[in-house]
Amino acid sequence: MSDTKKYGWTGQGLRINLSTGEVSTVPTDKQWIGGTALGYKIFWDEVPPKTQAFDEANKLVIAPGPLTGTGAVCSGRTSITTMYPTTYPRHMVGSAHLGGDIGAKIKYAGYDFIIVEGKAKEPVYIYINNDDVQIRNAGHIWGEGTRRSHELISQETSPNASVTVIGPAGENLVPMSIVINAKSHTGGGIGGVFGSKNLKGIAIDGDQAIHIAADKEDWEKLVNRHKELLGALTQTVVSRYPHPLFEYHSLNSRWSGMPGKQWGAANPPINVPLDTRRLSKMAFRTNAGEFFLGDKEWGLHVRNNGCFACPIRCYPVIKDVKTAAKFNVSPITEQTCGGLLFPVFFYPNLKLHPERNIEIAIVGSQLMDDLGLWCNYGQIQRDMVMMYTDGYWKKLLSKEEYDSLPWKKIDDVDASAMQEFLPKIAYRQGEFGKWMGETTPVMLEHFGIPLKTWSDDHRSLYWSNGHPKHHTNEDDAQLGCVLNCMWNRDPMAHAHVNFTRSGLPIKEMKHIAKVTWGDESAVDQIGDYTPVNEYKMKRLAWVIARTELHNMLGLCSWMGPWEYCPDEKNQYVGDPNIEAKVFSAVTGVKKTGDDLDKDATRAWLLQRVYTMRQLDSSNMRQDHDTVPGWIYWDPKDKKPFTKGTVRMDPADIQKSFDIFFEQMGFNKQTGVPTVDTLKEYHLDFVIPALQKEGLIK
Amino acid sequence: MLDLKELLSKARLPLDITRRGFLEVSTVAAAMAAMNTVKAQTGAQPYIILSAPKGILIADPSLCVTCQRCELACTEFNDGKADPKLARIKINRNMWYGPQGTALVSPNNGAFGFDPICIQDTCRQCDHPVPCANACPQGAIRVNPKTGARYVDEEICIGCGLCQKACPWNMMSFDAEKNVASKCFLCDGDPKCVKACPTEAIRYVPWVDRSKEPNRSTQHGYLPQNNNDQCGICHG
């Protein structure tokens, strides 16, 4: 009798056509593993490269990975691949990545992925419950904020269901909009794609088993071994402050769970234990609330929350009744990272009232989430403030519109300012509202401001292709700069910065670099950079592979990879092959770390050549891989490669591209993979189209 | 005077019985006659659990970070699969809206609640009368002599689901692939969920009586006749 158990993969996905109402199943093409790779392949096969984000022909490929739904550590991630409304100079393929519980429920319902295509005639939501897939009327929910929408859909489906919704911003086709899952887990930039399909949300419930191929005792040992490799949030592996159980500490570490700290808003308050190194106390290591909002957050901290199956819990649950009363918001806030930190960037005068950072975070994050707005890694804040402080708004808006906006409240660091201007963006009101919701270069183009004004100015942090930097030279020198060009949006990669900001002293990091990438020179101390070399670019290729791999397996990119770990007895050397071991144990398919890196690079290459067809580009280095001028700037005009600056050198950056492209088997001048390289990665099938379109020879 | 031990050695009652003097019958012979009637029945045999439980899982809702790793450990480390229907500790059903579900659109507990904690549901390891065991027409729910845990014997279970209907707290689980019920069996004294929890929210402690806690649902009133008869042996 054949074994019909699902090991990791369920073996099939769903295709839901909102135009026709047709629902069908699609076998999973396991060579692409899952997540973004499945997305890229479906786009290659089914979506014409010149499709625009809000065209009916655009699709959404919602895909966790084979590990998602299991107890594989940090495996609760899902990617949504689509044409991105915020990419520039045209809409290009990209992926949102979200946590919460959507991925686990997709798997438990029996699917590896969901393809959503077409456009519903009226507002709908999709309800999936195991085999049963319904497209339901959402007319009574359309227009509601994400919070209320989530609760209404839960009430109509199941309190157990995973619910993913858009808010008014997505409904109004604002490019800077999100989908939001599990109350607080957002996928950036794609709310408008849902909105363009009249799709208010997706509810998913399921209760089918996912099997583990390995023997259950071996699996238990492997899971515990993987847990031992974990540090605190962003894989910081030393304590924040000196601690008797730690060899090192670093003020940048997110391992701040220390004796004397409390989850102060728990009832009664909970003391953080002395030994959070223990696996049974690991959820106390990080309080992302205090990391982003400061020490006062401890008194407001109810507990931690986070993605399915992760023991780290990087979402703080904050209770603040004073702010709730003052600004008429919910006393409970749950958000993390940029969602929590970036609202203060709306306030250039924050230093006049630094103590207001928490109330601004609370009001801002709740409102951004409920309206379904995206900050694009703080770009919406930086754009608004630069346009304000440099006098553009005053010059470009009508007097009437300018005066209607709450500039005095911005100057006075008043959180209620956001309650006035954020809805204007979600509802596209006025010139301000309409163009702030567009991606940066589209807004600048409309207002007649040269893009170079932004890309030469460090204050903007604008990178290219419609998106800002996301961990570049401030974290990892040349590697960060080339990395930020390698997808069509910001890379959402942390395999580099996790390492450089691990908290370990440089001597330990150089040892780990030698063990993992072949030479100590693969990494420099932040702010003490040296010129590029082959090992740095080798590490870049590894970072790209691991970023894509995690997005294929359903693994978190903030907690891994795990080439280093908190184990001082082993000189902090981790296990760079743990992903492969876990993958093999769950699926029964034996792969090494190198095998999976190659699979991941293959997927990333597919995305790159598809992008070439979108841009009609045979020279990606020129047409796509552009770096901004501000990386060559230093506030004190310090020279590159001197201590105390992260300033880059133009020739060195170009040399970085040269080395990287050569290592990857690309044409050095154009950054295009050679035919031999495409064949080496089993991408033969892309060659005819690329040749036909004159993009490769 | 009734020799309890003599009676028990001849009957199919659990041998670690701790109660005395509950039998109303006047002679061993009469008691044996009653029991023999039951034993003479072929096929399914009811099984009434009399022995007291020893340990129980208690969980602190203010420590639950809703990672659901306890649910995963329960089925992955015991059954080799991630199976939400089989998880014998239950988090998912309470983590968004609390035990009341979406009866109140904005609830008291769960992530959407005013008090955003999650109440973990663990098996009460009920003392006699054990609702799930009493409801089972096959006598499939037994007692582990070492831990006192009430567990489902998969060899005997026929997957009828009456135990699920009987549990006032909806704690019975189901293995849809094997078509048998399951329940928390305390992992033979070393609970996997306790070890998996990243805050030590779940503790394995000496038994406490949780039978007065509010029910999660109304019980299905049906008790198989054979089981009813069993009760009559002791309770007249």
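How many residues of chain B are in contact with chain A, and how many of chain A with chain B? In this predicted model, 34 residues of chain B contact 39 residues of chain A. The predictor assigns the complex an ipTM of 0.96 and a pTM of 0.95.

- On the side of chain B that touches chain A, α3 (69-79) and β2 (81-82) of chain B each supply at least two residues.
- The largest share of that side, 5 residues, comes from α3(B).
- By class, the side of chain B that touches chain A holds 17 nonpolar, 9 polar and 8 charged residues.
- The two chains also pair through strands: β13 (residues 210-211) of chain A and β2(B) are joined by 2 bridges in the antiparallel sense.
- Within this pairing, H211(A) has K81(B) in β2(B) as its bridge partner.

**Domains of chain A**

- The domain assignment divides chain A into domain 1 (12-204), domain 2 (228-448) and domain 3 (467-692).
- Between the C-alpha centres of domain 1 and domain 3 of chain A the distance is 28 Å.
- Contact between these two domains of chain A involves 35 residues of domain 1 and 26 residues of domain 3.
- On the side of domain 1 of chain A that touches domain 3 of chain A, α1 (35-46), β4 (78-84) and β5 (92-98) of chain A each contribute at least two residues.
- Of that side, α1(A) provides the largest share, with 7 residues.
- The side of domain 1 of chain A that touches domain 3 of chain A comprises 15 nonpolar, 16 polar and 4 charged residues.

- β3(A) runs antiparallel to strand β6 (residues 114-117) of chain A, to which 3 bridges join it, and I62(A) stands opposite I114(A) in β6(A).
- β3(A) also pairs with β4(A) in the antiparallel sense, again over 3 bridges; here the bridge partner of I62(A) is I80(A).

**T68(A), in the loop between β3 and β4**

- T68(A) lies in the loop that connects β3 and β4 of chain A.
- Is T68(A) buried or exposed? T68(A) counts as buried because it has 33 C-beta neighbours inside 10 Å, and the cut-off for burial is 20 or more.
- Leaving aside residues up to four places away in sequence, T68(A) touches S75(A), G76(A), R77(A), T78(A), G103(A), A104(A), K107(A) and G554(A).
- T68(A) and I210(A) are separated by 142 residues in sequence, but their C-alpha atoms are 9.2 Å apart in space.

- Strand β7 (residues 124-129) and strand β8 (residues 132-137) of chain A run antiparallel and are joined by 6 bridges.
- I128(A) has V133(A) in β8(A) as its bridge partner.
- There are 2 residues between the strands of this hairpin, where N130(A) takes a positive phi near 55°.

**Helix α26 of chain A**

- Helix α26 (residues 650-664) of chain A has 15 residues, so at 1.5 Å a residue it should span 21 Å; its end C-alpha atoms are 21 Å apart, in agreement.
- The buried residues in α26(A) are I653(A), S656(A), F657(A), I659(A), F660(A), F661(A) and M664(A).
- These buried residues pack against α19 (473-483), α22 (534-553), α25 (620-623) and α27 (675-680) of chain A.
- Just after α26(A), G665(A) adopts a positive phi of about 80°.

**Chain B: fold and confidence**

- Chain B has 7 helices and 7 strands, and along the sequence they follow the pattern α-α-β-α-β-α-β-β-α-β-β-α-β-α.
- Of the 236 residues of chain B, 47% count as buried.
- Among the contacts in chain B with a separation of 6 or more, 67% are between residues 24 or more positions apart.
- The mean pLDDT of chain B is 85, with 81% of its residues at 70 or more.
- Residues 13-25 of chain B have a pLDDT below 50, and this stretch has 24 contacts in the model beyond near neighbours in sequence.
- Where pLDDT is low, the predicted coordinates should not be read in detail.

Terms used. Residues numbered from 1 in each chain as written. Chains lettered and ligands numbered in written order. Predicted model: local features only at pLDDT ≥ 70, side-chain atom pairs only at ≥ 80, totals over all residues. Domains from an automatic or database assignment. Contact = placed C-beta atoms within 7 Å. Helix = DSSP H or I, 4+ residues; strand = E, 2+ residues; numbered from the N terminus. Nonpolar A, V, L, I, M, F, W, Y, C, P; charged D, E, K, R; others polar. Expected span 1.5 Å × (residues − 1). Buried ≥ 20, exposed ≤ 12 C-beta atoms within 10 Å, placed from the backbone. Pairing = 2+ DSSP bridges. pLDDT = per-residue confidence, 0-100.
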